[in-house]
Amino acid sequence: MYEFSLTNSVNNVVQNLCIKTGWKKVNRIMVKIGNMRQINPELMAFIFAAMSKDTPAEGANLSVMILPVTIHCYACGRTGTREDNQFMCPYCGSRNVQLLSGLEFNIEALEVEGK
């Protein structure tokens, strides 16, 4: 279950930040994840709800934004995005491409209550 390990990483970062900064409550966590990772945002939110129990992040809304795959094609010279995870040019179908984005995994924003 890939979602478990990604969610665990988010939880660990958030908990460590709470310890270091003294945040009392985390209300919202926004995560951006590239579509090549093929995760299920609803499953991540479910896992996070269980994982964050009895922590400052208990009850926090885990918001996951899926980013499209962006590919540069060496065959036709164009750059485009794909909603699926096919590693080919969306214009000419060539597989002679470079992946520009789609593997991201970032905590983009946190909404917290102070010390």
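Visitor: Which residues of H2 are buried?
Guide: In helix H2, residues 41-51, the buried ones are Met 44, Ile 47, Phe 48 and Met 51, where buried means under 20% relative accessible area and exposed over 50%, with a 1.4 Å probe and protein chains only. Helices (H or I, at least four residues) and strands (E, at least two) are DSSP runs, numbered from the N terminus. Because this is a predicted model, local features need pLDDT of at least 70 and side-chain atom pairs count only at pLDDT 80 or more, while totals for chains, interfaces and linings use all residues. Residues are numbered from 1 along each chain as its sequence is written, and side-chain values use heavy atoms, with hydrogens and water left out.

Visitor: And what sits on the face turned away from that buried side?
Guide: That face carries Glu 42, Phe 46 and Ala 50, which are exposed.

Visitor: What covers the buried residues, then?
Guide: The cover includes helix H1 (2-21), strand S1 (25-34) and strand S2 (61-67), with contact meaning heavy atoms within 4.5 Å.

Visitor: Switching to strands, how do S1 and S2 pair?
Guide: S1 and S2 pair in the parallel sense over 7 bridges, and Val 31 has Val 64 in S2 as its bridge partner; two strands pair if DSSP finds at least two bridges between them.

Visitor: Which way does S6 run against S1, parallel or antiparallel?
Guide: Strand S6 (residues 105-113) and S1 run antiparallel, joined by 8 bridges, and Met 30 stands opposite Ala 109 in S6.
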